[in-house]
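Let's take a friendly walk through this one, a question at a time. Have the sequence and the 3D view ready.

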Amino acid sequence: MPRTTVFGWYDSQVFGAVERVQKHVSVPNAHVPVERLWRIVTRAAILATGTEERPVAFGGNDIPGVMMAGAVRTYLNAYGVSPGKTVAVFTANDSGHALARDLEAKGVTVAAVIDSRADIAAPFALKARVVRGGFVADAHGGKAVEAIDIWRDGVKERIAVDALAMSGGFSP
C-alpha cells in the first residue's frame, strides 16, 4: 500500500489509514474511489517513526556555516568533508559530544562544545573545551560564520569559528 498514510493508532491494535487511490491521476476513473479509508486490526505492531533533529533559535542561526549537528556528522563521516577548519558545537544532548569526537578524530579543530546542560559529565574524552550550562546567543558573519557569542552565568564570550554545529535534541 505505497500511497497509504496511517493517521492513528487506537486501542486494541486498531489503526486508521487513508489510501490515495486516484489522487495522482490526471483523469480519475468514475467507478474507482479517489481515496479509500482503511481500518487495520493487528495482533502486534512496531512504532518506528525515526527522529528529526531540532534546531536551536538564536541570532544569526541562518548564516551560512551554521548547520545541524547531524548534517555535519554526515558530511564528515560519509563524504569526508568538514564544514570548516575551526568548528564549535552547540548541543543539548550527547550527540553533540559524539560529533566533537568525530571532528577531532578527523583532525578538525573544535573550538568549544557548548552544552546547555549544566550538570553533565562529558560522555567522551575530548581535547576541546566543554562549556557546561552555556548557550549560543549570536552568530556573527555575512556570507559565512566568523564568530559566535556564548553566554554562561551572565558572562558573554566571543569565540572565532568558521562553522557551528547545533543540536537541540531529537523529536520523533
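Q: Are phenylalanine 58 and phenylalanine 90 buried or exposed?
A: Keep in mind that this is a predicted model. To count as buried, a residue needs under 20% relative accessible area. Phenylalanine 58 passes that test and so does phenylalanine 90, which makes the answer for both: buried.

Q: What kind of aromatic pair do the rings of phenylalanine 58 and phenylalanine 90 make?
A: The structure holds three aromatic pairs. In this one the ring centres are 6.1 Å apart and the planes sit at 65°. Planes over 60 degrees apart get their own label, so phenylalanine 58 and phenylalanine 90 are edge-to-face.

Q: How many residues apart are phenylalanine 58 and phenylalanine 90?
A: Phenylalanine 58 is in the loop between strand E4 (52-53) and strand E5 (66-68), while phenylalanine 90 belongs to strand E6 (residues 86-91). The pair links distant parts of the chain, and the separation is 32 residues.

Q: What kind of pair do tyrosine 75 and tyrosine 79 form?
A: Both tyrosine 75 and tyrosine 79 lie in helix H1 (residues 69-79), four residues apart, or about one turn of the helix. Tyrosine 75 is partly exposed at 41% relative accessibility, and tyrosine 79 is exposed at 59%. Their ring centres are 6.3 Å apart with planes at 55°, so the pair is tilted.

Q: Which residue lies over the face of phenylalanine 124?
A: Look for a side chain at 4.2 Å from the centre of the phenylalanine 124 ring. The residue lying over that face is arginine 101.

Q: Which residues are linked with Arg101 in a network of salt bridges?
A: A search of the whole structure finds nine salt bridges. One of them joins aspartate 102 and arginine 73, at 2.6 Å from N to O. Aspartate 102 is in helix H2 (residues 94-105) and arginine 73 in helix H1, so this bridge ties together parts 29 residues apart in sequence. The network with Arg101 is made up by Arg73 and Asp102.

Q: What is the phi of aspartate 153?
A: Aspartate 153 is in the loop between strand E10 (145-152) and strand E11 (155-160). It counts as exposed, at 66% relative accessibility. Although aspartate 153 is not a glycine, its phi is positive, at about 55°.

Q: Which residues make the nonpolar surface patch of about 370 Å²?
A: One member lies in strand E3 (residues 35-41) and is exposed, with a relative accessible area of 66%. The patch is made by Phe7, Tyr10 and Leu37.

Q: What is the radius of gyration of the chain?
A: The chain has two helices and 13 strands, and its C-alpha trace spans about 65 × 40 × 30 Å along the principal axes. For 172 residues the globule rule gives 16 Å, and the chain is well over that, so it is more spread out than a compact globule. The radius of gyration is 22 Å.

Conventions: Residues are numbered from 1 along each chain as its sequence is written. This is a predicted model: local features need pLDDT of at least 70, side-chain atom pairs count only at pLDDT 80 or more; totals for chains, interfaces and linings use all residues. Side-chain values use heavy atoms; hydrogens and water are left out. Rings of Phe, Tyr and Trp (its six-membered ring) pair if their centres lie within 6.5 Å; planes under 30 degrees apart count as stacked, over 60 as edge-to-face and the rest as tilted. Buried means under 20% relative accessible area, exposed over 50%, partly exposed in between (1.4 Å probe, protein chains only). A charge sits over a ring if NZ of Lys or CZ of Arg is within 6 Å of the ring centre and within 35 degrees of the ring normal. Patches are made of residues with over 30% relative accessible area and no salt bridge: like charges are joined within 9 Å, nonpolar side chains (Val, Leu, Ile, Met, Phe, Trp, Tyr) within 5 Å. Accessible areas come from the Shrake-Rupley method with a 1.4 Å probe; for residues, only the protein chains shown count as cover. A salt bridge is a side-chain nitrogen of Lys or Arg within 4 Å of a carboxyl oxygen of Asp or Glu. The radius of gyration is taken over C-alpha atoms; the globule rule is 2.2 Å times the number of residues to the power 0.38.
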